[in-house]
Every structure is written in C-alpha cells, then in structure tokens.
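My entries follow in the order I made them.

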Amino acid sequence: MHEQTQVLIVGGGPTGLLASILLSKYEIAHILVEQRETTLKAPAAHVVNTRTMEIYRQAGIDVDKLYRLNNHPNARYVRWNSRLQNESIGVFDAAENRATIMAQTHYSNEHTTNISQHLLEAFLREQAQKSEFADIRYATTWREFASSDQLVSTVQGERGQSNIHHSFLLAADGAGSPVARALDIKKVGPDAIATFLNLTCEVDLSAESSESETLLYWLLDPEVQGTVIVHDPQHLVVYMRPLAVPYESIDDFDEARCESILNRVFAQTPYKIRHKGVWKMTAQVADKFRVGSVFGVGDSVHRFPPTGGLGLNTGVGDVHNLVWKLAAVINNKVTGDQAEALLDSYEIERRPVAQRNCDVSKRNNDKMIEVIQALGLDPTKAQMLPKIMNSAVVRILPKSFQAGIYRVLVKPVKKILSNAENQETGQAVRERVARAIANQKEHFSSLGLDLGYVYREGCAVDALAERTQGSEVSTYNEVVGSGARLPDRQLTSDMGAGDTETKKRLHELLDYTRFTVFASGSHSIELPDTFGLRTQIAHIPADTLTQLGLDPDAWVLVRPDGHVMAVGSQ
C-alpha cells in the first residue's frame with residue numbers, strides 16, 4: 001500500500017503529540033505512528049515547567065484542565081531520609097524562598113507543575129485526535145526508509161504494511177530512536193552514568209508518612225537505597241533503585257526480590273506493583289538534529305539525567321521552534337536557499353539549548369554527591385556492597401551466611417545514619433547536610449533556564465541576537481532582545497482597535513500561525529522578512545514598552561514561537 005502525507009511523525013510521546021497539535025494549527029496534513037498500542041500506562045517524567053505551560057496554552061490546549069491533572073498539587077519538599085518512616089536528615093523546601101515564587105508570578109501567568117507523563121500523554125492524544133488534519137496511528141511501527149532520499153518510509157501496523165511518501169519526517173521516537181540509527185546520528189556524551197530498577201506502585205503513602213507535601217524522598221539506608229517519587233500521595237509512587245552494573249542486572253530482581261525490597265520501603269503497607277522496568281541514565285546530545293528532510297526532536301537527539309526535569313520540556317521547545325518553520329516551507333512561503341537556511345536554523349538554535357540543559361542536568365546529578373559526603377559517607381564505595389554480595393564466593397554460601405556478611409557490611413553505614421538522626425549527637429551532621437542541600441538550588445529552581453534561553457544565530461533572528469544577555473540557571477534576566485523569549489505583561493489600558501480597557505497579557509496576543517508586531521502607534525514600520533508568513537499588528541500602550549525598557553516609539557517583531565526576531569524604532 002502507498003500513502004502520501006506532508007509530514008510523518010514517528011513517536012507518540014509528549015513531543016510527537018505536540019508536533020501534531022501544532023501542525024494542525026497550520027492545517028497541514030500529517031500522520032503520526034507510534035509502536036505502542038496506546039499511551040503510557042505508568043509514570044515517567046513528571047515536571048512540566050513554566051515555559052512548556054506557556055507553549056501549551058499558545059497551542060490551544062486547555063491548560064486549566066492540564067493543571068488539574070496534577071495529583072500532588074501541594075508538593076513542596078524534597079527529603080533525605082534513612083527510611084521513609086524515619087525523621088528526615090535533610091529537607092529542601094521549594095516554597096521557602098518567597099522572592100523566587102513572586103518572581104515567577106511576575107514573569108509569567110503560568111507556573112511549573114507536576115503531571116505524570118502517562119496522564120499528560122493521554123490528554124495530548126485526545127487533543128491531537130480532534131483535528132481532521134491528523135491521522136494518529138498506534139500499534140504502528142516505523143521500519144525503515146524505503147528510498148535513498150529519506151522521503152518514503154515503510155511502516156507496519158494494524159492496516160498492514162505501508163509505504164508512506166512524506167515531504168518531512170519528525171523523529172520523535174525516543175532515546176533508542178530507530179530513525180536516528182538509520183541515519184547514523186551519533187549522540188555525544190556519557191551513555192551510562194547509572195542504571196535503575198523502576199517499580200511503579202499503587203500505595204497510600206499517608207499510611208507511611210505524615211509529610212503529605214513531599215515530592216521526592218532520597219532513601220539512604222542500604223536495605224532500601226533509592227528514590228521515591230510521589231506522583232499521587234494516596235495512590236501512586238515510583239521507587240527507583242540503583243543497579244550496580246556490572247554486578248547487578250534487572251534479571252537479579254524477580255518478583256519475590258522486588259516484593260522483599262518494597263516490603264521494607266513501605267513497611268508492610270499494602271501496595272501493588274503496577275509496572276517494572278529498567279532505565280539507564282545518560283547525558284548526551286546528538287551531533288546533528290537535521291539530515292535532509294528528517295528532523296530529530298526530543299529524546300531522539302538529546303537525553304539528560306532527570307535532575308532538573310529538563311528532558312520532556314526541552315522536547316516541547318524543539319517542536320515549538322520547528323513546526324512554524326516547516327509550515328513556511330510546506331506552504332511555499334519560502335523556497336530555495338531561503339527555505340534551506342530557515343530549516344537549518346532549527347539545529348542552529350535548538351542544539352545549544354539542548355547542550356546547556358544536558359550540562360546543567362549532569363552537573364545537578366554530580367552535585368548530589370555533596371549531600372552524601374556531608375553525611376560522612378563515601379560515594380566511591382557505593383558499589384562495594386553489591387560487588388561482594390554478588391561475587392561467586394558469596395553466592396555459594398548458605399543464605400544464613402550471606403545474611404551475616406550483609407549485616408556486617410552495612411553496619412557502618414547504618415551507624416552513620418543513626419547518628420545523623422539522633423537529635424543530640426547528630427546536630428552537626430544535619431547542619432552540614434543542610435548546607436549541602438542549599439547548594440542544590442539549581443536542581444530544584446531553574447526559572448532562568450526555563451524562560452531565559454536565547455537564540456543567538458541563524459536567519460530567524462537579527463545579528464543583534466549575539467548581544468542579547470541570557471540568564472543564569474535559577475535567575476531569569478528579563479530582556480526584550482533579539483532571540484529572547486518575549487516577556488509577558490498584563491495590559492490594562494487602551495489597547496486600540498476597539499479593545500478599550502480589555503485586560504490582556506502580551507502573550508495572549510501572540511498567534512502561532514503568524515508573526516506579531518508590538519507597537520504603540522500606527523506609523524509605518526519597515527520590518528525584516530518574515531518568511532512569507534502573515535504578520536499581525538498588536539497596538540499596546542506606550543507605557544508597556546517603557547516598562548520593558550524600550551522607547552515609547554519602539555516596535556518589537558516576535559516570531560510565531562514567541563521569541564523576538566528584531567527590535568526597532570518607528
């Protein structure tokens with residue numbers, strides 16, 4: 001069977017589904033194929049940051065409904081405990097810094113939230129499938145390119161085998177991307193920082209801990225060592241246990257052993273294992289994001305440690321940057337060299353953002369060692385216990401002997417943790433831990449990274465973008481400069497054009513299908529080329545421009561994705 005479409009999207013995760021939603025806004029016919037039979041059934045990512053929520057709103061998604069998918073809305077704490085049931089040795093309070101919280105509400109009408117990925121995917125799928133321009137196919141596997149120019153793909157699914165002719169392909173097919181492998185796209189960076197056993201459990205944590213506002217528990221006792229991610233404190237958590245490769249593997253953890261560990265984690269509170277899996281932490285960015293008509297987006301071209309929650313959000317930024325450029329080419333608004341330059345600007349702009357996010361995520365992960373060291377533990381010896389217990393010599397011993405060896409090996413660590421928990425003798429240790437936790441700010445507070453990235457090169461921003469000041473990880477530098485995200489502001493005065501006294505925000509005036517010019521007057525404005533896409537004029541009060549650090553007669557040309565292309569004067 002032969003089919004034809006403008007865009008083939010391979011992958012039905014959050015990145016691929018958003019690409020579908022954005023293509024539908026341009027009325028571009030496309031096919032999305034996903035090898036899974038349906039959306040995720042268990043949580044994966046959960047942090048949805050401020051910029052992503054802004055993008056969702058601009059895409060026409062009902063973000064108020066999205067916020068309601070957060071089943072742990074009061075989460076604010078990250079805790080370091082020996083065990084779940086014990087008093088915390090150290091605590092990070094995300095709501096403690098009121099200045100940071102107030103800054104976020106000033107800079108955006110949205111906020112970072114926690115939405116379990118399986119819930120997010122189901123919501124986005126429902127949204128994507130509403131469009132007549134979207135053909136969404138689950139249980140359909142991308143097999144190979146059926147032509148040397150990568151303009152025909154073979155897929156296999158419920159409709160049988162089909163050759164799909166496409167103008168463009170978006171590889172949103174995840175960390176093991178078959179499309180990226182077929183094109184020999186190489187990922188640069190460490191590919192095995194750590195490996196984890198993941199157990200998704202239905203459990204009511206309120207029976208274990210009174211700390212109902214906790215999002216993460218770092219458990220330090222060797223018998224339960226790992227991380228508990230609380231997606232829903234009364235119903236759903238994920239327990240991540242590090243695997244000491246090569247001394248351990250997923251095969252060492254059968255159902256009985258998993259239950260034995262969880263019985264200690266939850267102290268006999270009833271639970272049900274919903275999903276078991278293995279996950280390998282990497283820190284890699286692809287050497288290229290574009291090969292001809294094929295574009296890598298999301299995890300297919302970048303993979304980060306979870307420390308900072310940047311993976312899913314970076315993929316969202318990828319497609320937000322890319323789709324309007326594809327639309328300009330597909331609709332014949334630009335052709336030839338100009339079209340190639342515009343498509344090249346995707347990699348030019350997004351790869352540095354992905355690299356920075358990757359570097360910050362890895363740095364966050366590396367810095368977590370500081371907390372362990374502050375306790376008086378030696379992280380370099382973390383694999384000694386599994387190495388000894390899984391050695392051939394120990395494995396042949398009777399179980400009682402193995403248990404005795406285990407008790408001897410873990411005793412020093414348990415003693416250190418017990419001392420840290422002691423309200424009298426552990427005070428100095430807890431103070432050291434508190435200082436180490438305070439040094440983890442970039443891990444849990446990254447507004448500057450969320451909102452402050454700047455596109456400095458390429459044909460879709462003017463040359464002044466090189467001078468636009470960026471932001472630190474935790475501190476957002478609000479600037480109206482070429483390449484930067486347009487700041488958001490509440491508008492309450494006369495908007496003109498019959499919109500008198502209407503309360504709006506700048507971002508509400510953006511339209512993903514066109515460029516927007518913000519100006520206070522109606523004088524003629526000589527604009528840069530907008531790649532054939534339509535341009536709308538948004539008249540805003542002169543005092544809004546001055547609030548943004550501009551002259552009252554200035555104009556700001558903003559791209560469909562909300563980044564400033566150029567600033568000038570009337």
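I took helices (H or I, at least four residues) and strands (E, at least two) as DSSP runs, numbered from the N terminus. This is a predicted model, in which local features need pLDDT of at least 70, side-chain atom pairs count only at pLDDT 80 or more, and totals for chains, interfaces and linings use all residues. Residues are numbered from 1 along each chain as its sequence is written, and side-chain values use heavy atoms, with hydrogens and water left out.

**Backbone**

Most residues other than glycine have a negative phi, and most peptide bonds are trans. I noted a cis peptide bond between Val 245 and Pro 246, with omega about 15°. Pro 246 sits in the loop between β15 (236-243) and α7 (255-265).

Glu 27, not a glycine, has a positive phi of about 60°. Its loop runs between α1 (14-25) and β2 (30-34). For burial I used relative accessible area: buried is under 20%, exposed over 50%, partly exposed in between (1.4 Å probe, protein chains only). Glu 27 is exposed at 56%.

Phe 531 also is not a glycine and has a positive phi of about 60°. I found Phe 531 in the loop between β23 (515-519) and β24 (535-539), where it is buried at 4%.

**Ala 283 and the cysteines**

I placed Ala 283 in the loop between β16 (271-281) and β17 (284-286). Ala 283 is buried, at 4% relative accessibility. I counted a contact as heavy atoms within 4.5 Å. Leaving out residues up to four places away in sequence, Ala 283 touches Val 188, Gly 189, Pro 190, Ile 193, Arg 303, Pro 305, Cys 358 and Lys 362.

Cys 358 is itself buried, at 2%, while Cys 459 is partly exposed at 30%. I searched the whole structure for disulfides (cysteine sulfur atoms paired within 2.5 Å) and found zero.

**Whole chain**

I listed 17 helices and 26 strands. The radius of gyration is 26 Å, close to the 25 Å from the globule rule for 570 residues, so the chain is as compact as a globular protein of that length. That radius is taken over C-alpha atoms, and the rule is 2.2 Å times the number of residues to the power 0.38. Buried residues make up 53% of the 570. Of the contacts with a separation of 6 or more, 69% join residues 24 or more positions apart.
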